[in-house]
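This note sets out a few points to consider while reading the structure. Please keep the sequence and the three-dimensional view at hand.

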Amino acid sequence: MSLPVLQNFIHGKFVASQSGNSFAVKNPASDEDIYLVEEADDALLQQAIESAKQGFAQWSKMTPIERSRILLKAVALLRERNDELARIEVQDTGKPIQEADCVDIETGADVIEYFAGLAPAQLGSQQAVGEDFFYTRREPLGICAGIGAWNYPLQIACWKSGPALAAGNAMIFKPSEETPMGAIKLAQIFIEAGMPKGVFNVVHGAARVGQWLTTHNDIEKVSFTGEVGTGKKVMQSASTNLKEVTMELGGKSPLIVFDDADVSQAVSAAMLGNFYTQGEICTNCTRVYVHRDVYVAFLDELKTRTENNVIAGDPLDPKVNLGALISKKHQQLVLEYIEKGKLEGANVLTGGHALSPESAPNGYFVAPTVFIDCTDDMSIVKEEIFGPVMSVLVFDNEDEVIKRANNTELGLAAGVFSRDIQRAHRVIHQLQAGICWINAYGNSPAEMPVGGYKQSGVGRENGVETLNSYTQTKSVYVGMSQIESPF
Ligand code: TXE
């Protein structure tokens, strides 16, 4: 039986690519090809640029309120179709339906809704300078490119298009080649909501298409989500015409559990921050530092709950809470890290192997894995694994753990569990990370700006400042008196 073919979406419709190249997308839980995707060729990409120019000309002339109305219609359609869209994300990513049903579409819609509400309130300023005065205008940048990763496909497309479009820009979005469907569904919903054609185009491909966008002179800004190494390539390519860049990159974030912490809550956070979305979340707290006095209690509860409460299987089964990793290649990479951990002397408290659940025997599963007796120099403690692999380390005092937690080139997120409110804030203020939680982990409301320190990223997504980063300030000085001139 021939597979359905997904095309590029340009100017409000599907457009055939002349590249002749197409690639298959697999369902990670069944290892089956589910559809083919046409890779965009250069002519089609240029068509996307021309279309975006037309879309931008129309869209940027509308008032923020008019843009907001259309965005809010799209939000309503996203929420109406939550279940259908959640199933699509499950089939593309392998994540459990019990997650996708309540997180992926909802948090995507929330962000578009947030920026639709914020844009009409965006202000310029005015100031008198003697008899003269100046005012500032916030103007859109033009055509922006969005490049997505594969762990939250539709949400990432929403998080990038929301502020970009609310500010009056057009966007050409390239989803990850592993998970292209979600962005296409969003593009169709935008058109249904009344968005002018060309404002949001979706093109398919991998590095080559990504690089075509990041080097193109008509693209003013790139918003990228992906690995640190790729982020560096994107920044290099963006230098061709000095594009603005926002980068949401990888992390190896610490969770610090003090001796006065609520141990059960800390275990919940550690499991959420390592096993939710089968560990494929950039902000995950994959280095868990536990104070010596609560180390045994923490491990006992962690082992029991991991072995009894984590259910791997067919991700469409609502009882399942651990899905398949995105690809066989990624599953192998995670398993190699597990072997490296064992070789380097860490011990496996639980897990440490692949899984082949009865309900999804061909899926790319890895058991929820906890390493103990870890040391800071181990690969599993220093490098991002992006799978359900937690490294637990023990510490004795505050200064020591802060130094160890900061001893990395990354700085995406951090968490602290303690009932001592002054210590919790004192420690979190010293951690070199952009997204921090105290007695919580992973919450990311649309109002909260998120992004990394050091090599974990550039710029922010969500929050008021992100809308501003999709505009540029024009200052206009008005002379109210004769110009004084020595000439
Ligand atoms: O990244 P890749 P993946 C990170 C996460 C992990 C990675 C996993 O920490 O490190 O993303 O996602 C395109 N020029 N985050 O494997 O390989 C590629 O086609 C332009 C952080 O997808 O870097 C894909 O669309 N584009 C995040 C995208 O880049 C290029 C949350 C990412 O691919 C390119 C989620 C090139 N040269 C995941 N090469 C956060 N911080 O919020 C590839 N691409």
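**Notes on cavities, pocket, ligand and selected residues**

1. The largest cavity holds about 70 Å³ of space. Its lining is made up of 15 residues, and those closest to the centre of the cavity are Pro254, Arg287, Leu410, Gly411 and Ala413. Sorted by class, this lining of the largest cavity comprises seven nonpolar, six polar and two charged residues. The model discussed here and throughout is a predicted one.

2. How many cavities of 30 Å³ or more does a search of the whole structure find? The search finds two. The second largest cavity has a volume of about 50 Å³. Its lining consists of Gly251, Gly279, Ile281, Cys282, Asn284, Thr286, Glu384, Ile385, Phe386 and Gly387. By class, four residues of the lining of the second largest cavity are nonpolar, five are polar and one is charged.

3. Strand 7 makes the greatest contribution to the lining of the second largest pocket, namely five residues. In terms of class, the lining of the second largest pocket has seven nonpolar, five polar and four charged residues.

4. The next point concerns the ligand. Its shell contains 27 residues, and the closest of these are Gly148, Glu177, Thr230, Leu249 and Glu384. The shell around the ligand divides into twelve nonpolar, nine polar and six charged residues. At least two residues of the shell are supplied by each of helix 8 (207-214), strand 11 (219-225) and helix 9 (228-238).

5. Which backbone atoms lie by the oxygen and nitrogen atoms of the ligand? A polar backbone atom of Gly148 is 2.7 Å from an oxygen atom of the ligand. For Glu227, a polar backbone atom is 2.9 Å from an oxygen atom of the ligand. A nitrogen atom of the ligand lies 3.5 Å from a backbone N or O atom of Glu248. On its own, the ligand has 850 Å² of accessible area, and the protein covers 89% of this.

6. Gln278 is not a glycine, yet its phi is positive, near 40°. Gln278 belongs to the loop between helix 10 (263-275) and strand 14 (287-291). Is Gln278 buried or exposed? Gln278 counts as buried because its relative accessible area is 1%, which is under the cut-off of 20%.

7. Asp373 likewise has a positive phi, about 55°, although it is not a glycine. Asp373 is placed in the loop between strand 18 (369-372) and helix 13 (379-382). Asp373 has a relative accessible area of 41% and is therefore classed as partly exposed, a class that lies between the cut-offs of 20% and 50%.

8. Asn397 is located in the loop between strand 19 (389-395) and helix 14 (398-406). The side chain of Asn397 reaches the backbone nitrogen of Glu400 at 2.8 Å. With a relative accessible area of 37%, Asn397 is partly exposed. Although Asn397 and Phe258 are 139 residues apart along the chain, their C-alpha atoms are separated by 8.9 Å.

9. Leu71 and Ala270 are 199 residues apart along the chain, and 36 Å separates their C-alpha atoms.

How values were computed. Residues numbered from 1 in each chain as written. Predicted model: local features only at pLDDT ≥ 70, side-chain atom pairs only at ≥ 80, totals over all residues. Heavy atoms only, no water. Near = heavy atom within 4 Å. Polar contact = N/O pair within 3.5 Å; in protein donor to acceptor, adjacent residues only side chain to side chain. Areas by Shrake-Rupley, 256 points an atom, 1.4 Å probe, with all protein chains shown as cover. Helix = DSSP H or I, 4+ residues; strand = E, 2+ residues; numbered from the N terminus. Nonpolar A, V, L, I, M, F, W, Y, C, P; charged D, E, K, R; others polar. Buried < 20%, exposed > 50% of the residue type's maximum accessible area, 1.4 Å probe, protein only. 1 Å grid on protein atoms, 1.4 Å probe; cavity = no way out; pocket = protein on both sides within 12 Å on 5 of 7 lines; lining within 4 Å. Points joined across faces, edges and corners; volume = space filled by probe spheres on them.
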